Amino acid sequence: MSDDTGDTPDTTETLPLDAWHRQKGARMVPFAGYEMPIQYNKDEGGGIVAEHDWTRDQAGLFDVSHMGQLMVTGENAAAELEKLLPGAIASLKPGRVRYSLLLNEEGGILDDLMVTNATPWIEGDEEAGTEGHWGEPAYYVVVNGAMKWDDIAHLREHLSDDVTLTHMDEQALIALQGPKAATALGRVMRGVPDDLVFMQSTLYQFGEWPLRITRAGYTGEDGFEISVPAELVESLANRLCAEIEVRPAGLGARDSLRLEAGLPLYGHDLTAEIDPVTADLTFALTKTRRESGGWIGHSACAVKLEQGCADKRVGLVFEGRLPAREGAIVYHGEDEVGRVTSGGFSPTLGHPIAMAYVKSGHAEAGTELTVEVRNKRLPAKVAKLPFVPHRYHRGN
């Protein structure tokens, strides 16, 4: 397989919007090998909760340029990706997006990712007598920032030489999320929201700016992810933030929003020791491909699907205000039955919430458990995910 991936960097990098974040009053922290904004203008009434609430009510602009943006091209690109991913890629129509997983032979999750069929449409030339047609198959893949170098190495190892992997490191990525995201984006880029529903993607020529716009995100809200050349991202961020509905938001709000939405975070709720069945992500194992197999990890996942799992990812709700954090032990009576993988206070619900892996016999919604926090046993109850309903735009 040919590629232009380069080597893994050894030092903390800066985002294309680094100076912009600092001008906006961001507190920067190391994350996934980058200096990233965790919150803005806390001393001026901003901060994580304010950004969280604004995104729930209006539209937050998140910088997710640390994510890995890859392109896999070639006539056999879909078949090659299906060797690695349990989702149906070959049947994915142009402009459609699918959530999927990279797995090891034991079924453990190496990363979760988004795949878009980005095959271009080539316009015909009436004078030359040529008709429009689809170009060379191309798949746009977005992977987690902390795992992108490992993912690139994994893809490089397993994809055949007749497909090309390109690391799109010249691209920035921003996410406009919230119920007013479509209103704001439609004002800046006429017609874009009307053309897309959840998990659809399009190329958009914004003046001289070539953009890829995808109606998706990781907050549970309606919204868009926009891939833009890095040298243009500051101008685009300024254009979006000039809209009254839009304010910048950092990692802190992104984390609390995705937790309320019941969305797992790689490295915390998902690891190479956790399989998709245990993680309650069986929807990512396309039914036809569960039966046909042919992808790394299929045998291990098939056993879990048939026999069930010892543990299961669940939601937990608490009373009071003291949150259970990652690593807190979950008990049923005096028996240890699980461990918290993500937790915090929910600004939307007004009480603490968490995700945890617990023994399957204690995973039923309504099951009463306790969680050890600061040497105290806090009562908790198993809850269905998501904690806050998703508000994706799926069309009429």
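Just after helix α8, Gly 262 takes a positive phi of about 70 degrees; helices (H or I, at least four residues) and strands (E, at least two) are DSSP runs, numbered from the N terminus. The model is a predicted one, in which local features need pLDDT of at least 70 and side-chain atom pairs count only at pLDDT 80 or more, while totals for chains, interfaces and linings use all residues. Residues are numbered from 1 along each chain as its sequence is written, and side-chain values use heavy atoms, with hydrogens and water left out.

Helix α8 itself is mostly covered, since 9 of its 10 residues are buried, where buried means under 20% relative accessible area, exposed over 50%, and partly exposed in between (1.4 Å probe, protein chains only). Among the buried residues of α8 are Leu 251, Leu 257, Arg 258 and Glu 260. The buried residues of this helix pack against β3, β4, α2, β5 (59-63), β20 (335-346) and β21 (351-359), contact being defined as heavy atoms within 4.5 Å.

Two strands are taken to pair if DSSP finds at least two bridges between them, and 6 bridges join β3 to β4 (residues 34-40), the two strands running antiparallel. Within β4, Pro 37 is the bridge partner of Met 28.

Arg 56, in helix α2 (residues 48-57), has a relative accessibility of 9% and therefore counts as buried. The side chain of Arg 56 makes a polar contact with the side chain of Glu 260, at 2.7 Å; a polar contact is a pair of N or O atoms within 3.5 Å, and within protein one must be able to donate a hydrogen and the other to accept it, with residues adjacent in sequence counting only if both atoms are side-chain atoms. Leaving aside neighbours within four places in sequence, the contacts of Arg 56 include Pro 179, Leu 257, Glu 260 and Arg 391.

Thr 119, in the loop between β8 and β9 (121-122), is also buried, with a relative accessible area of 12%. The side chain of Thr 119 makes a polar contact with the side chain of Asn 117 (2.7 Å), and a polar atom of the Thr 119 side chain lies 3.1 Å from the backbone nitrogen of Ala 138.

In helix α5 (residues 181-188), 6 of the 8 residues are buried, so this helix is largely enclosed by the rest of the structure.

Thr 271 lies in the loop between α8 and α9 (287-292). Although Thr 271 and Leu 103 are 168 residues apart in sequence, their C-alpha atoms are 9.9 Å apart in space.
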